[in-house]
Amino acid sequence: MSQESNCPIARWRRRKEVRPAEILDAALQLFVDKGFKATKMEDIAKAAGVTKGTPYLYFENKEDIFKAVVRENLVTRLAGFAELAKQYDGSSAELLRLMMRRWWQEVGESPLAGICKLMFAEATNFPDLARFYYREVIEPSHNMLLRILERGVASGEFRSLHPHAVVDTLVAPMLLSMTWQCSLGRVLEHDQHRNLPPLDYLEIALDLMLNGLKAD
């Protein structure tokens, strides 16, 4: 063990550096479970195990915390997905499948899926946050999928259809799955209409869409 690790000041510094991440993790879970409006700053502090004033050392207000949650957890992932798409040399159909699987595994199966449901539910109450989410998450992801579709059309793999409508159709099953599992999926014990694992359901939906996109 290094001399620095035995130093109380060094341990305090490391703990202080960790606190913003702990605050964001606590805020994410509260936003998903209680909603944005119902979550208070003191709730976040309590869940993070810090004093009431500690969140204000790092964030101006609750809106600032929400933006940090989105940027740390979703915007950074989107940047990674965009880089993957840029470097991928396989077919556009396989790239879309890869994107779907990874997004579900990294976001859809995690508490982050609740952010999507939260935005649908509270956008009209918090229009500034809704515009922020659109600008930081929806628009970049939409544009990334547009580029993949254009790539497929240019290579002759996909037929040319209205690109924005195709993107909306591609993401609809994912949005439904994330919203469902954070709402009705939590209270319905037996759902005979959705008895497949979510990833299997998404695979079927994407297979139908990719067959519809195939060039003649």
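## Exercises on a predicted model

Tyrosine 58 is partly exposed, with 25% relative accessible area. The exercises below concern a predicted model.

**Exercise 1.** Describe the surroundings of phenylalanine 36.

*Solution.* 
Step 1. The relative accessibility of phenylalanine 36 is 1%, and the residue therefore counts as buried.
Step 2. Phenylalanine 36 pairs edge-to-face with phenylalanine 66, at 5.7 Å centre to centre and 80° between the planes.
Step 3. Phenylalanine 36 belongs to the loop between helix H1 and helix H2, whereas phenylalanine 66 lies in helix H4; the two are 30 residues apart.
Step 4. Ring pairs join Phe31, Phe36, Phe66 and Phe126 in a cluster.
Step 5. Over the ring of phenylalanine 36 sits the charged end of lysine 62, 4.4 Å from the ring centre.

**Exercise 2.** Classify the relative direction of helices H5 and H7, and characterise their contact.

*Solution.* 
Step 1. The axes of H5 (residues 92-108) and H7 (residues 127-154) cross at roughly 155° and come within 9 Å.
Step 2. Angles over 145 degrees count as roughly antiparallel, so H5 is roughly antiparallel to H7.
Step 3. Among the residues in contact are Leu95 and Met99 of H5, and Leu145 and Ile148 of H7.
Step 4. By class, the contact of H5 with H7 comprises 6 nonpolar, 2 polar and 1 charged residues.

Key: Residues are numbered from 1 along each chain as its sequence is written. This is a predicted model: local features need pLDDT of at least 70, side-chain atom pairs count only at pLDDT 80 or more; totals for chains, interfaces and linings use all residues. Side-chain values use heavy atoms; hydrogens and water are left out. Axes are lines fitted to C-alpha atoms, for helices over the stretch in contact, and angles run from 0 to 180 degrees between N-to-C directions. Helices (H or I, at least four residues) and strands (E, at least two) are DSSP runs, numbered from the N terminus. Angles under 35 degrees count as roughly parallel, over 145 as roughly antiparallel, 65 to 115 as roughly perpendicular and the rest as oblique. Contact means heavy atoms within 4.5 Å. Ala, Val, Leu, Ile, Met, Phe, Trp, Tyr, Cys and Pro count as nonpolar, Asp, Glu, Lys and Arg as charged, and the others, Gly among them, as polar. Rings of Phe, Tyr and Trp (its six-membered ring) pair if their centres lie within 6.5 Å; planes under 30 degrees apart count as stacked, over 60 as edge-to-face and the rest as tilted. Buried means under 20% relative accessible area, exposed over 50%, partly exposed in between (1.4 Å probe, protein chains only). A charge sits over a ring if NZ of Lys or CZ of Arg is within 6 Å of the ring centre and within 35 degrees of the ring normal.
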